[in-house]
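Work through the exercises below with the model open. Try each task before reading its solution.

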Amino acid sequence: MRAALIRIGAIVRKEFRHLGRDPRTLLAVVITPVIQLLLFAYAISFDVEHVPTIVIDLDRTPASLSYVEQYSASPFFDVVAHGDTLADVDAAFDANTARVAIVIPSGFARSLAADEQAQVAVLVDGSEPNAAKVSQAYSVALNQLFSQRLTRQWADEQGLDLSSLGMLEPRIRTWYNPERRSSDFLIPGLMIVIIAIVTVQQTAVTLVRERDLGTQEQLEVSPMRRIELMIGKLLPWTLIAFLDVALITGLGRTIFDVPLRGNFWTLAVGAALFVFASLGMGLLISAIAPSLDTANIIAMLVAFLPSFLLSGFAFALDQIPVWLQWISYAFPARFMVTISRGVFLKGAGFAELWTELAALTLYALVTVSYTHLDVYKRQGDHDRQLPPLW
């Protein structure tokens, strides 16, 4: 046992010496995740507000001005221009200076005065679907409020008391993220994407580098066992990955004020399992990749795209095709994003997240075990006898 620990320690020291001799790699695995977190957190936002709006008021009456004022007073719409014809709408949309156009036809005030139904056109630029949907919803809400105000004014003029009428008053509460901040939604998932990229991509080149440096043969003829080599290769990157998790969690809590409502140890156990699963995936890529360039490309495809698109980080999984939902189960980020958001936002613990933790445990065991058995299979000729497994 002591001899095994000595051999594992030698591999660990060798890996850290490689990092010390290459400051760029150390920068990539420690500083780059922090930079990525800050860039992604500030650049990606699902909050839609201050939408530039152009107004075409063809009526030009106090009633039409009162209608436009509700858009100007809203924090969602920013009235940036006024036009005279519908051609101004096309010009504003083509130049991207406006995304919403409010067109008030002539006769607007006259229709209201005659107790008739007045019509207003709200044109929305659909080139950005998310902003278009939210703009449409806000516009409908503002028109309903304006219509209710007109109804109250008419009732007051007729001497009617609407307070005696039955009314439905919905009270809507948003749980877990009451302010609906994008940072609270993104950062717990963004942490998983960044850790996946760092762990998979860095370990994906570790065995390939041994072959390129010519040290693979020395390892094969040494008394070191496969399991010892596996642990020695994974341990340094495991420690660095845990450091990245701590840094990103700390930044999310301090800079972006992301709440941590759940059991910290649930997050820690989930992060450990996710790191092991990602490291095993990276080591497997390293064992089968013929070159460093190939290893980097495969690692990026396996780590970034599934973690970003098939984990629920940016898009709800129940909104993607069913066959992609099934494919998402093949990647550990799917389970870890659920754990991270459950702990950070919903106050979840082991009782609520045990299925995701069990899935990550199984995934880590399968990837590490398969890599352990396959690590030498595609590394050239194996005419000589490999060292025993145990």
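This is a predicted model: local features need pLDDT of at least 70, side-chain atom pairs count only at pLDDT 80 or more; totals for chains, interfaces and linings use all residues.

**Exercise 1. Decide whether Asp184 is buried or exposed, then find its salt-bridge partner.**

Step 1. Asp184 has a relative accessible area of 5%. Buried means under 20% relative accessible area, exposed over 50%, and partly exposed in between (1.4 Å probe, protein chains only). Asp184 is therefore buried.

Step 2. The partner is Arg181, with the closest N and O atoms 2.6 Å apart. A salt bridge here is a side-chain nitrogen of Lys or Arg within 4 Å of a carboxyl oxygen of Asp or Glu.

Step 3. Arg181 has a relative accessible area of 24%, so Arg181 is partly exposed.

Residues are numbered from 1 along each chain as its sequence is written, and side-chain values use heavy atoms, with hydrogens and water left out.

**Exercise 2. How many salt bridges does a search of the whole structure find? Work out what the pair Asp84 and Arg60 ties together.**

Step 1. The search finds two salt bridges.

Step 2. One of them joins the side chains of Asp84 and Arg60, at 2.9 Å from N to O.

Step 3. Asp84 sits in the loop between β2 (77–83) and α4 (86–94), and Arg60 in the loop between β1 (51–57) and α3 (62–73), so the pair ties together parts that are 24 residues apart in sequence. Helices (H or I, at least four residues) and strands (E, at least two) are DSSP runs, numbered from the N terminus.

Step 4. Asp84 is exposed, at 52% relative accessibility. Arg60 is exposed too, at 57%.

Step 5. Check the backbone of Arg60. Its phi is near 55°, a positive value in a residue other than glycine.

**Exercise 3. Which residues touch the most other members of the largest nonpolar core, and which elements build it?**

Step 1. A nonpolar core is a set of buried Ala, Val, Leu, Ile, Met, Phe, Trp, Tyr and Cys residues joined through side-chain atoms within 4.5 Å. The largest one has 47 residues, and Met191, Phe274 and Met336 touch the most other members.

Step 2. Two or more residues each come from α2 (23–43), α7 (182–204), α10 (226–254), α11 (264–288), α14 (333–344) and α15 (350–374). The largest share, eleven residues, is from α7.

Step 3. List the contacts of Met191, leaving aside neighbours within four places in sequence. They are Val245, Ile248, Thr249, Leu267, Ser340 and Phe344. Contact means heavy atoms within 4.5 Å.

Step 4. A second, separate core holds 15 residues, including Val48, Ile102, Phe108 and Phe146.

**Exercise 4. Compare the side-chain reach of Ser74 and Ser328.**

Step 1. Ser74 is in the loop between α3 and β2. Ser74 is buried, at 10% relative accessible area. Its side chain reaches the backbone nitrogen of Phe76 at 3.1 Å.

Step 2. Ser328 lies in helix α13 (residues 322–328). Ser328 is buried, at 0%. Its side chain reaches the backbone oxygen of Gln325 at 2.5 Å.

Step 3. Beyond residues up to four places away in sequence, Ser328 touches Leu310 and Arg334.

Definitions and conventions:
A polar contact is a pair of N or O atoms within 3.5 Å; within protein, one must be able to donate a hydrogen and the other to accept it, and residues adjacent in sequence count only if both atoms are side-chain atoms.
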